[in-house]
Amino acid sequence: MVTVQLFSSLSALADGQREIKVEAKTVGDVLVALARAYPGMAEKLDGGVSVAVDGRVIASGLTEPVNELSEVVILERLKGG
Amino acid sequence: MQFHTPDTFEEASRLLAAETGTARVLAGGTDVLVQLRSDIVVPDTLVDIKRIEGVKEIVGENGGWRIGAAVSGAELSEHRQVKAEWPGIVEALDLVGSTQIQGRCTLTGNLCNASPAADSVPAMIAAGATVSITGPNGTREAKVEDIPVSPGKTSLSPGEIVSSVFLPARGANGGDAYLRFIPRTEMDIAVVGASVSMNVEGGKVASARVALGAVAPTALLVEDAAAAIIGTSLDDDAMAKLAAAASAACNPISDKRGTIEFRTRVAGVLARRAAKIAYERATS
Amino acid sequence: MIHVTTSVNGDEMEFVCDPRETLLDALRDRLQLTGAKEGCGTGDCGACSVTKDGRLVCACLVLAAEAEGSEIGTVEGIAEGEDLHVLQQKFLEHAALQCGICTPGILVATKALLEKNPNPTETEVRYWLAGNLCRCTGYDKIIRAVMDAAAEMREAA
Amino acid sequence: MAFDEKKSTFDVIGSRPLRPDGLDKVTGRAKFGADAYAPGMLHAAVVRSPHAHARIVKIDTSKAEAMKGVKAVVTRADFATGLKGENWNILENVMAGEKALYDGHAVAAVAATSALAAKDAMKAIEVTYEVLPHVTDVDEAMKEGAPVIREGAVSPGTPEGMHPNVVGYHESGHGDVDKGFAEADLVIEDTFKTEATHQGYIEPHACLAQMGNDGKGEVWCCTQGHFNVAKVCAHLLGTDASQIRVTASEIGGGFGGKTAVFIEPVALALSKKSNRPVKLVMSRSEVFRATGPTSSTSMDVKIGMKKDGTITAASGVFRLQGGAFPGSPAEFTAMCSFAPYNLENVKQIGWDVMTNRPKQAAYRAPGSPMAAFAVESVIDTLCNELGLDPLEVRLKNCSKTGTRANFGITWDQIGLEETLLQAQAHPHYSAPLGPNQGRGISCGFWFNHGGETAVSLALSEDGTVSVSVGTPDIGGSRASMGMMAAEELGIPYEKVRTTIADTATLGYNEISHGSRVTYASGLATIEAARDTIRKLCKRAAAKWGIDEDAVIWEDGCAKPSGPNAGEFEPMTLQQIARKMGATGGPIVGHYEATPEGAGVSFATHIVDAEVDQETGSTSITRYTVVQDAGKAIHPSYVEGQFQGGAAQGIGWALNEEYIYGEDGRLQNAGFLDYRIPVASDLPMIDCVIVEVPNPGHPYGVRGVGETSICPPLAAIANAVSNAVGIRMKQLPMSPPRILAALDAEGK
């Protein structure tokens, strides 16, 4: 299981939980698992989020591997100027 | 829009008088073109006066200087004698816009655009400058301070056109200065402008004129401010009275460039600073 | 429409224009000289800087009709054939441009400065160029390029 | 692709060659957005709302359509229907639907045979409005009873019971801030406000577009992301992205503002209707009124500190208005706020709020500079009150490799501490100050970004190389790409030409944003070069009759990889290229991926300001930027980014602001009264390039474009506050505001 940290507006859609454990081998798996467990999150996840894995911010890639030791943090979708 | 390039002021005057819609005079165009392109004023008739003989000339007259209506800021700055005698006026016009604007802008245009914030107008008023006007009924002279009547409006009648500015004889031990406040170091419209011109005798101010810009609907000649320094050597007390008189004369608005409080306060500061420079120029 | 005959970078040119058109409009749309840029149209940015009869002006604040009988100088006339002007070379060497939109105006303006004052101080350069906005560079490398070009031109003179 | 430990010495990287587009740009030949012309071309003009908020009752185009030279008029009815989400937002912004949502909102557009004819026709289009109440201030817009911009725009997860203008919420942090504040010797809490600023690029938006009724279109435009333009235009016009080919012109500045799409769909719609090419160029006032400024903000920050300078807790609430649409960077403001600090107890909240202003667009590290202003001001107040050196305090508390960030992640290799140490060692930090002068410092942070990237690299027979990238060059990136290709291939920089490819000739590239270009397109260029090298080695192996694994690439030559591989004369790139037609055909290397290793970037700035206490006028007398670039590819362009960010920050701090009247109309839509710094306003800007490699790039490159604007607002506010002895809590610190603050304190 991978522990995923959520930011607030996502956690509001996950019954207020700030950390959720999901089965996942990649960043893509994490997002699919979250949307399956909490369908209310799907729209927000579809709209775009970024995932930080062990301190690296994965802006959009779904193939980045994760494991049970990974630090996985969901962030708002990154963009810049 | 009709575009004309008359050869004489009389012809220019006739063209302007004949227009029943909106007519404008084009000299440097640095206000006229901005207004045209921003759809603020799209004239039906535009009269370019630059082909009139003498409009680009600076001529000595009765100890003073007659400056043609199309003399640009850059040309005025390059005139050593005018700059030596009336540095405040030359610097005031030089503050208008960028180097590029200097290549085109004129004292006459700055006056006739009738902006309360026009930099050269307080300086001309402090100097006691006059203008020559050609109109349907011939020519006349007028004081600079009598030309603007409200923002964007002048006392010129339809068909009247300013042909030149006359700067009077400087007199012995004279000096002038103009200072303005802007948020940046360049390129802004004055938030406050202050000009002081004086003649000094025996270390004391013998005569003086103080004028302010951007603090009322038109540039102001502030006689109380001048009275505060006449007869003094600009001691602290006189300077405080000058600043107070200048601030008291203000009747500004709050807008995107400054507040009433700011303009009122800084008018006094700048009047003081300008007086000091004018005094140094008069006595050096 | 008004018929205008003028000289641009030493070449005689003619065009017809609406009386409302500016010199900048005519240079760009009538003569296809697009080196001068329109950044503001109100004389505040200097991107359209050209010389008119030797004077630095904003082409956006000159009517096209006023060009009749004038001599206009634009950025396209600064290099001589394939030889760059010292200023152009120094702007490249000092990386004095990022996006390059202000560069034509700044080159025309600084060339006019150095013709008038071959040995300007940094402050003089900064005030001369105050009407040429650059949003990319913070002006640092532009000022260095101008000072370096001025020094080299003085040595060559 | 990870940092390449073996690559420690460079031949080309770190040198300062001339940029490939330089000659065109100093001779006036370079073609920017407005410099394109097409036979039969029409000119377009856009009708814009003069009201901040109004129902569009009727648009009568009949008079305009009857005018000489008018060929097409379009309104919202000429665009796609049924769009959702951000596509709907973009369309609504490009062309108003039922309501005009801000002063300057596009309502209709016309194309005619000349620019003047188009302008005259534009004025003849009669729009009937029903004026509605408006709101432009972020705090006012959140209040009960504030005019509702639009119902139903609220993002999922936003707390209930808020005003419908409150459309997004972010909260993150860790620890227990109440416990932390209780442990502090001094807690300071303050409220700060910043005004909206504009990116202020000198080139107005411009495009030339052509589209037929077969749905095929061509667009030439100045944009930071031409692939995105194609995608958005396809959505808004109801056609396919691949049918619209977009070519990026030279771009006259963007800074985030040209990541958004405004005029291209309008020009295409007019072209489709008139069956003629249409050129659409914004005026400067249109740029200010209708393209993206930043958000304005209202922020509360509370920080607790011990007497020794240890920060015990920090919390912040950041309210951002993003104009008439959701999407202000409130979450970035929140996340960036305390990023420079290693905090046990931290909590940050961001609110996204709609107002009757233009849709905000990204501006260089969107959201971060404002956060730094609030946070670093409070830290400075704490330092002053506790008598501590502000740089020592920052060193004591700074984020380091392996510490936990305020928004949850554990920092990978970062260089904040190095920037602080180098700032401390810089002569500027210890130089004496003159009368009426103050010194300020600040740290700043930006994430940086990777994103979808495709690069192709083709060899010519003469051994030269053409690199095609898909990220518009907004600050000299073609030079950097050329340098990276030359470095890898072992050939001179002059033998590489880098071009920005159009959307039909390269895979999808994300916008040039997020400081991603030198990182992501650079990485892709390196990978494309390595792909090319593999192909070159294969050709050499075939000629030598050895295994391709036995060939290595060194010093621009294929060589046998050791004595076991056999004895062969090395073959240069040129030698292989000359025969490539006969040895297997053209050699092209390429790379398509989404690089995800964009390393974050930190900076520390030092600034001296002098304040005229009689007029409130501030001048910046000295400025030093210290920033971590990871690895500087072309140091001149790295310095250029540092200097440009600092200069924009100076403008933001001192004079730039959107000024709205009571009527909700923008009062300063021009460079006269929107006061960006001019040459005489600024000092030289010293740069110190720190190089702590980014583990996610083969050379260690970090994006540098955005972080440079994060510290200046705060550093200048600290300098001014120290100069006048009063904490300045509102930007810009314009002279009337400084004089009023001095008055209020009786100074």
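Met354(D) counts as buried, because its relative accessibility is 0%, and buried means under 20% relative accessible area. The structure is a predicted model. Met354(D) sits in the loop between strand E15 and helix H11 (368-386) of chain D.

- Leaving out residues up to four places away in sequence, Met354(D) touches Ala141(D), Ile149(D), Arg150(D), Ala153(D), Pro164(D), Asn165(D), Val167(D), Gly323(D), Ala324(D), Phe325(D) and Pro326(D).
- Between Met354(D) and Thr525(D) there are 171 residues of separation in sequence and 41 Å in space, C-alpha to C-alpha.
- Arg364(D) also lies in the loop between E15 and H11 of chain D.
- The phi angle of Arg364(D) is near 35 degrees, a positive value in a residue other than glycine.
- Arg364(D) counts as buried because its relative accessibility is 3%.

**Chain D as a whole**

- Chain D contains 20 helices and 26 strands.
- Its C-alpha trace spans about 85 × 75 × 50 Å along the principal axes of chain D.
- A compact globule of 747 residues would have a radius of gyration near 27 Å, and the 27 Å of chain D agrees with this.
- Of the 747 residues in chain D, 68% are buried.
- Among contacts in chain D between residues at least 6 apart in sequence, 79% join residues at least 24 apart.

**How the chains meet**

- Four pairs of chains are in contact, and chains C and D share the most contacts among these pairs.
- Chains A and B do not touch, and their nearest C-alpha atoms are 26 Å apart.
- Chains A and C have no contact joining them, and their closest C-alpha atoms lie 14 Å apart.
- Ser636(D), in helix H18 (residues 635-654) of chain D, is in contact with Ala95(C), Lys141(C) and Arg16(D), leaving aside neighbours within four places in sequence.
- Ser636(D) counts as buried because its relative accessibility is 5%.
- Its partner Ala95(C) lies in the loop between helix H2 (86-93) and helix H3 (103-116) of chain C.
- Ala95(C) is buried, with a relative accessible area of 4%.

**Aromatic rings**

- Over all chains, the whole structure holds 22 aromatic pairs.
- In one of them, the rings of Tyr169(D) and Trp351(D) have centres 4.5 Å apart and planes at 55 degrees, so the pair is tilted.
- Tyr169(D) belongs to strand E7 (residues 166-174) and Trp351(D) to strand E15 (residues 346-353) of chain D, so this pair ties together parts that are 182 residues apart in sequence.
- Tyr169(D) counts as buried at 12% relative accessibility, and Trp351(D) counts as buried at 12%.
- Phe445(D) and Phe447(D) form an edge-to-face pair, with 5.0 Å from centre to centre and 75 degrees between the planes.
- Phe445(D) counts as buried at 1% relative accessibility, and Phe447(D) is buried with a relative accessible area of 1%.
- One aromatic cluster is formed by Phe332(D), Phe407(D), Trp411(D), Phe445(D), Trp446(D), Phe447(D) and Phe602(D).

**Helices with buried residues**

- In helix H2 (residues 27-37) of chain A, the residues Val27(A), Gly28(A), Val30(A), Leu31(A), Ala33(A) and Leu34(A) are buried.
- The cover over the buried residues of H2(A) includes strand E1 (2-5), strand E2 (19-22), helix H3 (42-47), strand E3 (49-53) and strand E5 (72-76) of chain A.
- In helix H3 (residues 85-94) of chain D, the residues Asn89(D), Ile90(D), Leu91(D), Glu92(D), Asn93(D) and Val94(D) are buried.
- The cover over the buried residues of H3(D) includes strand E4 (99-100), strand E5 (106-112), helix H7 (226-237) and helix H8 (264-274) of chain D.

**Backbone angles**

- The peptide bond from Leu731(D) to Pro732(D) is cis, with omega near -5 degrees.
- Pro732(D) lies in the loop between helix H19 (712-724) and helix H20 (735-744) of chain D.
- Ala95(C) has a phi angle near 55 degrees, a positive value in a residue other than glycine.

Methods
Residues are numbered from 1 along each chain as its sequence is written. Chains are lettered from A and ligands numbered from 1 in the order in which they are written. This is a predicted model: local features need pLDDT of at least 70, side-chain atom pairs count only at pLDDT 80 or more; totals for chains, interfaces and linings use all residues. Side-chain values use heavy atoms; hydrogens and water are left out. Helices (H or I, at least four residues) and strands (E, at least two) are DSSP runs, numbered from the N terminus. The radius of gyration is taken over C-alpha atoms; the globule rule is 2.2 Å times the number of residues to the power 0.38. Buried means under 20% relative accessible area, exposed over 50%, partly exposed in between (1.4 Å probe, protein chains only). Contact means heavy atoms within 4.5 Å. Rings of Phe, Tyr and Trp (its six-membered ring) pair if their centres lie within 6.5 Å; planes under 30 degrees apart count as stacked, over 60 as edge-to-face and the rest as tilted.
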